[in-house]
Amino acid sequence: MNSVPVDYYVLLSAILFTIGAMGVLIRRNPLIIFMSIELMLNAANLVFVAYASVLKSFSGQIFVFFVIAVAAAEVAVGLALIVQIFKAKKNINIDELNSLKG
Amino acid sequence: MTQPQFTDFYTILPFTILVVWASLLLLADLFIPRGRKGITAFLAAFGLAGTMGYAITQVGLSSIGFNGMVVLDGFSTFANILLLLSGLFGIALAHGYTQRMGIERGEYYTLLLFSVSGMMLMAQAADLIIVFLALELLSIPLYVLAAFNRKTQSEEAGVKYFLLGAFATGFVVYGTALVYGATGHTSLYGIFSAASQGTSGLLLSIGAALILVGFGFKVAAVPFHMWTPDVYQGAPTSVTAFMSSGAKIAGFVALLRVFATAFPSISVDMTGILWIMSALTMVVGNFVAISQTNIKRMLAYSSIAHAGYILMAFVPYGNREVVSVSIAAGLFYLLSYVLTNFGAWAVVMTLEKAESKGLEISDYAGLAKKYPTLAAAMTVFMLSFIGLPPTLGIVGKFYLFRAVIAGGFTGLAIIGVLTSLVSAYYYLRIVVNMYFREGDPTIENEPGLAFTTAITAVATVVFSFVPQWLFLLASTALLR
């Protein structure tokens, strides 16, 4: 099978990871920040499956399942927290969350 | 590949016991009426104490379970006992406090147990898959706990902690992915053997650095510390006390095991990064703490500064001759930090009033005249934080600096000594307030708080006279 070289996958994942990390640092809406974090996790998943297929090793694919499952658990807690904030403040802009000064 | 045996479960039996107990408690809590949640607290403490009893019988044992996924050794047993101890202190502080603040709910104790079990799994993880799972198992309950008080800005703290924590997890996972790509293994031993044959060094180094960034967030090392003061101030104080001890132990324990087991081959690259991180953390933590007027924020910066001291123990991790001494010194310092930290937070909670009142440093004025024992206990904790006799703090710092100098990093030890001197300024300000200013503070009488304060204060002083015994214990905490 004449496939795409693994370096391309790594490069793509590095780009995705950077976009995600920048999104977390730049965007001000917790939901968008949260999506950016998911992008970072999926960038990692891409590396895992790419190398799992190159190295003919299963542990990479198994790791991806764990990442997906744990991300779902994180979504449950994270969205609940964001909804609570929204109920209290009618607004979810990160800049408004300034009663604690950092 | 072999099927799991019963012997595999012996390896992680303390963890298994605690998870089963926490799950049962989640059910049992449904039948405990509101207002009598003290029963849940007692059951949770009972579970922790029972698990601790079993964990102590594991001293000296060493085994590997589930095809090298988890490991039991002196290091993990020491960490387990320390984590269970902080869980017990966490519950002792929480019960009266949550009642007084009107946020008492049974879930608090269940979440705390799940978080402790995640920390224990972290100490026993021998595979990056388990490290990741344990990281989430300890973090997700903590996000909820940080947002537990709906009456104050606690939710804000919860969201901040959650977003930054998930961000950090992203770094850990991506770093793991690169390490897996470079070596073809997620097992720490597999990574070690593949890395020592010299496979693709750059990818491995980047992966290890990303894992370090992720854990840097978790243990609040500079420059990844920005969330700490906000979260520590906003979260309920009982949660802050537990978080600043337990989560820190777990983060450092995982970092030590991962780096010392899997990445000795790239220690040349990593040592420089760790050196800078440790020095920056000590300097920034101590200097920013000076300008704080809120005691929760001050202790948050103090916990950042202490993360810097503990990070010193990592710097010589690639040096085969020094590593076991420096690990022992790091663990000893963690132990002394945990005792002092819980004591200091217990005093803070004794003076705290509803709606975040009673948390300014000026509120401590006149404490010594009215409540001399409480003021004396707080003085002990402050002296221990600075590293002055007769407390555990000075012994911990002594072992730590000695190990670092033996590893050939005298410059770092000098920075450590100098920043300790700086820290004396803001810690002693509290002592001055308590003894030399006039004021009329009021305190809450709660058995849990008084008990924790007394035990930690006595332990901090008494063990400083017989530290050899504890250090011997820490020296048996070897990595398998």
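I started at Leu93(B), which lies in helix H4 of chain B, residues 74-100; helices here are DSSP runs of H or I with at least four residues, numbered from the N terminus. The model is predicted, so I note that local features need pLDDT of at least 70 and side-chain atom pairs 80 or more, while totals for chains, interfaces and linings use all residues. Residues are numbered from 1 along each chain as its sequence is written, and chains are lettered from A and ligands numbered from 1 in the order written.

Beyond its neighbours within four places in sequence, Leu93(B) is in contact with residues including Ser238(B), Trp345(B) and Thr452(B); contact means C-beta atoms, placed from the backbone, within 7 Å.

Next I took the helix pair in chain B. H17(B), residues 392-406, and H18(B), residues 410-436, pack at about 155° with axes 8 Å apart. That angle makes the two helices roughly antiparallel (over 145 degrees; under 35 is roughly parallel, 65 to 115 roughly perpendicular, the rest oblique). Phe401(B) and Val404(B) are among the H17(B) residues that meet H18(B), where Leu412(B) and Gly416(B) are among the partners.

Last, I checked the chains against each other. I found 36 residues of chain A in contact with 32 of chain B. On the chain A side, H3(A) gives the largest share, 16 residues.

Key:
Contact = placed C-beta atoms within 7 Å. Axes fitted to C-alpha atoms, helices over the stretch in contact; angles between N-to-C directions.
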